[in-house]
Amino acid sequence: MISGIIPRPIGFVSTLSEKNEHNLAPFSWFNMISHNPPTVMISCTHSGRPRDTTLNIKATKEFTANIISEPFVNLANFTSVDAPPGHSEWSGSGLTMAPSISVKPPRVKESAFSVECELYHFLELSPPGSQEVTQAVIIGLVKKIHVRNDVLNEKGTIDPAVFRPVSRLGDISFARLGDAFRIPRDQWTKVGEEILEAETKKEH
Ligand SMILES: Cc1cc2nc3c(=O)[nH]c(=O)nc-3n(C[C@H](O)[C@H](O)[C@H](O)COP(=O)(O)O)c2cc1C
């Protein structure tokens, strides 16, 4: 599944512990899951123990998710180091904290797009027939969105060629975006008759 369900967006998640210790880690089981309410999801594995990110979000109910662009992907990758709890990955990474508005955990200044989130749902998963929790699915309600001006185009949407987000593939592979192409969605009012006609012909 990890090498088949690709490319995956990566949420670079900043949290604070109950003791106000900073934490930063990338999660590719990450996505936007609804726009009303605006929500994002991350899914954190318990490998022996829950991720610090999981513990922090469970305790403080806040996080920011930041998108990684190609120029700082190596710095971001460093933050997945298995640092002991309480040791901040920020310091060794060379990345910069930017203050958030609605939540306490900072944003990543280098990210051109970030969301500030409050915990909305916290779901624990266990394998069928087992009581052992192996995964935490965390849904965040987006309270603020930050976009750097220079990635916006004249329509007010994000230009992927300037944004240069990276995605996760299987194993330790990342990918950059290829060429974008546009395909309009067909409308039944325009193509329906033609489709029905072709189907009737096939039946006879
Ligand atoms: C690009 C990338 C994507 C990752 N995606 C996930 C993920 O979706 N879920 C997960 O549990 N760990 C994922 N990891 C591993 C965590 O980032 C890593 O275990 C990190 O140390 C967790 O930090 P924490 O314990 O401070 O929360 C990923 C690592 C990388 C480099």
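**Legends to the close-up views**

View 1. An oxygen atom of the ligand lies 3.4 Å from a polar backbone atom of V81. The model shown here, and in the other views, is predicted. Two further contacts involve side chains. In the side chain of N23, an N or O atom is 2.9 Å from an oxygen atom of the ligand. For T53, the distance between an N or O atom of the side chain and an oxygen atom of the ligand is 2.5 Å. The ligand taken alone exposes 650 Å², and the protein buries 89% of this area.

**View 2. The shell around the ligand.** The ligand is surrounded by 18 residues. The closest of them are P26, S28, W29, T45 and T53. By type, the shell holds seven nonpolar, seven polar and four charged residues. The ligand sits in the largest pocket. Two or more residues of the shell come from each of β3 (22-27), β5 (38-45) and α1 (52-60). Which element gives the most to the shell around the ligand? That element is β3, with four residues.

**View 3. The largest pocket.** The volume of the largest pocket is about 770 Å³. Its lining is made up of 34 residues, and A25, P26, F27, R51 and S80 are the closest to the centre of the pocket. P26 is also one of the residues closest to the ligand. Four elements, β3, β5, α1 and α2 (73-78), each supply at least two residues of the lining. As in the shell around the ligand, β3 contributes four residues to the lining of the largest pocket, and this is the largest share. How do the residues of this lining divide by type? There are 17 nonpolar, nine polar and eight charged residues in the lining of the largest pocket.

**View 4. The second largest pocket.** This pocket has a volume of about 610 Å³. It is lined by 26 residues, of which P9, F30, I67, F113 and F163 are the closest to its centre. The elements that give two or more residues to this lining are the strands β1 (8-9), β4 (30-35), β5, β6 (62-67), β9 (113-125) and β10 (135-147), together with the helix α4 (160-163). The largest share, four residues, is that of β4. The lining of the second largest pocket consists of 20 nonpolar, four polar and two charged residues. The strand β5 belongs to this list of elements and also gives at least two residues to the lining of the largest pocket.

**View 5. Two cis peptide bonds.** Most peptide bonds are trans. Which residues are joined by cis bonds in this view? P7 is part of the segment before β1. The other cis bond joins N36 and P37, and omega is about 5° there. P37 lies in the loop between β4 and β5. Both of these strands give two or more residues to the lining of the second largest pocket.

**View 6. A positive phi at N20.** Most residues other than glycine have a negative phi. N20 is a residue other than glycine, and its phi is positive, near 70°. Where is N20 found? N20 is in the loop between β2 (11-16) and β3. The strand β3 at one end of this loop is the element that gives the most to the shell around the ligand.

Definitions and conventions:
Residues numbered from 1 in each chain as written. Predicted model: local features only at pLDDT ≥ 70, side-chain atom pairs only at ≥ 80, totals over all residues. Heavy atoms only, no water. Near = heavy atom within 4 Å. Polar contact = N/O pair within 3.5 Å; in protein donor to acceptor, adjacent residues only side chain to side chain. Areas by Shrake-Rupley, 256 points an atom, 1.4 Å probe, with all protein chains shown as cover. 1 Å grid on protein atoms, 1.4 Å probe; cavity = no way out; pocket = protein on both sides within 12 Å on 5 of 7 lines; lining within 4 Å. Sits in = over half its atoms within 2 Å of the grid points. Nonpolar A, V, L, I, M, F, W, Y, C, P; charged D, E, K, R; others polar. Points joined across faces, edges and corners; volume = space filled by probe spheres on them.
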